[in-house]
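Hello,

Here is the structure you will be taking over. Please open it first, then read the notes below.

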Amino acid sequence: LRHGGHPVEKENFVIQELKNHLHQVLKFSENSLLRTKQEAERQQKADFRASQARLAKIQQEILALRSQYHNLVMENREAEQALRKKKYKVETEIENWIQKYDMEMGEKQDEYEDLDIIHKEEKLQLEELKLRHVVLVEEFSQILAEREVNAKKRMEAEREMMHMVRAATLIQAVWKGYLVRSMLRSKRKKRGKGKGKGKGKGKDKDKGKGKDKGKGKGKGKGKGKGK
């Protein structure tokens, strides 16, 4: 810029300078825009090629996943069918068990009611037996006391009996000794008398024999005379 001169010339010069500068800026921006556009196109082509490769890979993965999905669906259907059969079987068994449970519980309930009636009756009998037991325990204690008393009396009686038996045995022994001594004494006396009587009897026998002889002679004489 030049200093001095007419103001209009100065403004025209400034305007021209600004136009030149603006023209340079526009040219620079166009070049920058072109370069940016070219780089964007190159990046777009590269991204497109990369996206195409990625798309092909993804499509292959989709096909593999679809095949895997189909296989899993078939396997799951077979497993589902097996589980459905098992479920139906289990449900049938559960229903049968429930029916059996209800029937058995009904029988058990009837049995329980019968047993409850029997239990009440037996409980009343038990109370009666307890009362009888108390009475029997008292009677048993009395009987035991009486048995103890009787046992003591029996022992005393047995002791007295033993004393009496011993005394009777002693008396019998003394009496037997006395009888034996008395018999021995009587035998001795009889033996002494027997010896004296034996001599007298011999003489009497001789006398009798003589008398018998005289009688025999007289009888013989009388018989001869009669003849």
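**What was found**

Val14 lies in helix α1. Helices (H or I, at least four residues) and strands (E, at least two) are DSSP runs, numbered from the N terminus. Val14 is partly exposed, with a relative accessible area of 34%. Buried means under 20% relative accessible area, exposed means over 50%, and partly exposed is in between (1.4 Å probe, protein chains only).

Two notes on the source. This is a predicted model, in which local features need pLDDT of at least 70, side-chain atom pairs count only at pLDDT 80 or more, and totals for chains, interfaces and linings use all residues. Residues are numbered from 1 along each chain as its sequence is written, and side-chain values use heavy atoms, with hydrogens and water left out.

**Overall**

The protein has one helix and zero strands. Helix α1 covers residues 7–226. Of the protein's 227 residues, 0% count as buried. The protein exposes about 22,400 Å², and carbon and sulfur atoms supply 58% of that area. Accessible areas come from the Shrake-Rupley method with a 1.4 Å probe; for residues, only the protein chains shown count as cover.

UniProt, in an unreviewed entry, places the feature "coiled-coil region" at residues 55–82. UniProt positions are given in the numbering used here, feature names are shortened, and annotations may be inferred rather than shown by experiment. In the model, this span is 100% helix and 0% strand. Its end C-alpha atoms lie 39 Å apart.

**Salt bridges**

How many salt bridges does the structure hold? There are three. A salt bridge is a side-chain nitrogen of Lys or Arg within 4 Å of a carboxyl oxygen of Asp or Glu.

- Glu80 and Arg84 meet through their side chains at 2.8 Å, N to O. Both lie in helix α1, four residues apart, about one turn of the helix. Glu80 is partly exposed, at 37% relative accessible area.
- Glu91 pairs with Lys87, and the closest N and O atoms are 4.0 Å apart. Both lie in helix α1, again four residues apart, about one turn. Glu91 is partly exposed at 41%, whereas Lys87 counts as exposed at 52%.
- Asp116 and Lys120 meet at 3.5 Å, N to O. They are four residues apart in helix α1, so about one helical turn separates them. Asp116 counts as partly exposed at 25%, and Lys120 is exposed at 51%.

**Surface patches**

Patches are made of residues with over 30% relative accessible area and no salt bridge; like charges are joined within 9 Å, and nonpolar side chains (Val, Leu, Ile, Met, Phe, Trp, Tyr) within 5 Å. Lys and Arg count as positive, Asp and Glu as negative; His and the chain ends are not counted. The place of a charge is taken as NZ of Lys, CZ of Arg, CG of Asp or CD of Glu.

- Nonpolar: Phe13, Val14 and Leu18 make a patch of about 250 Å².
- Negative: Glu104, Glu107, Asp110, Glu111, Glu113 and Asp114 form this patch. Asp114 is placed in helix α1 and is partly exposed at 46%.
- Positive: Arg181, Arg185, Lys187, Arg188, Lys189, Lys190 and Arg191 gather here. Arg185 lies in helix α1. Arg185 is exposed, at 52% relative accessible area.

Best wishes
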